[in-house]
Amino acid sequence: ESTGAAFGITVRTGKILRIMLNPQSLVPYIMSTLRDNDLAIKIASRLGLPGAENLYAAEFERLIAAGQVVEAARLVASSGTVLRTPATIARFQQIPAQPGSPQPVFQYFSTLLESGKLNEQESIELAKPVLQQGRPQLMEKWLKDDKLQCSEILGDLIMPSDTGMALSVYLRAECHEKAINCFVQRGEYDKIVPYSTS
């Protein structure tokens with residue numbers, strides 16, 4: 001098992017030294033001793049270390065205030081779970097769209113989709129406008145690419161437009177009653193018993 005430590009042996013006495021970083025202290029040390037907030041954010045995001053939560057929030061607000069939507073979205077994506085909250089989604093939804101460019105909330109979701117999988121709340125908030133615009137093929141693509149967190153609520157949003165896709169979501173989210181209901185609506189009665197007994 002890797003500990004992330006470096007080992008050394010002293011020449012005179014033959015003592016073994018183990019040197020390792022304290023992940024809880026590195027980012028606060030960079031902020032307080034080195035006074036380099038940019039470095040602290042970069043180290044925290046690259047190594048997934050705690051301690052930069054307030055810096056992320058301050059940098060996010062600075063970028064939003066400066067109108068740098070894409071950069072703010074990249075910061076959120078690199079922050080781990082620190083900024084990936086309903087409040088952040090609401091913040092992007094409140095920003096008015098600039099003429100000739102996509103809505104900021106779509107730029108946000110696009111950036112997150114490039115970097116990985118959306119969490120449950122992000123998946124739900126993205127599904128709402130996409131389904132309202134009548135573009136279920138996008139949802140299908142993201143589900144196939146495993147970019148959305150499946151949940152009962154997401155399945156409920158998809159159900160009116162595509163029972164098959166909703167079934168896929170319910171199966172992944174392990175919403176058994178709703179999955180069986182989809183089988184019934186699709187007339188796939190022969191799949192109910194094998195699904196129920198598996």
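Is Lys144 exposed or buried? Select it: Lys144 is exposed because its relative accessible area is 64%, where exposed means over 50% and buried under 20%, with partly exposed in between (1.4 Å probe, protein chains only). Lys144 sits in helix α8 (residues 136–144); helices here are DSSP runs of H or I with at least four residues, strands are E runs of at least two, and both are numbered from the N terminus.

A word on the model: it is predicted, so local features need pLDDT of at least 70 and side-chain atom pairs count only at pLDDT 80 or more, while totals for chains, interfaces and linings use all residues. Residues are numbered from 1 along each chain as its sequence is written, and side-chain values use heavy atoms, leaving out hydrogens and water.

Next, select Met139. Skipping neighbours within four places in sequence, its contacts (heavy atoms within 4.5 Å) include Ala127, Leu148 and Ile158.

Now jump to helix α11 (residues 176–185) and pick out its buried residues, Ala179, Cys182 and Phe183. They lie on the same side of α11, because they cover an arc of only 100 degrees around the axis, taken from the directions from the helix axis to the C-beta atoms. Show α10 (163–173) and α12 (192–197) too: the buried residues of α11 pack against both. Just after α11, check Gly187, which has a positive phi of about 75 degrees.

Last stop: Ile9, in strand β1 (residues 6–9). Ile9 counts as exposed, at 62% relative accessibility.
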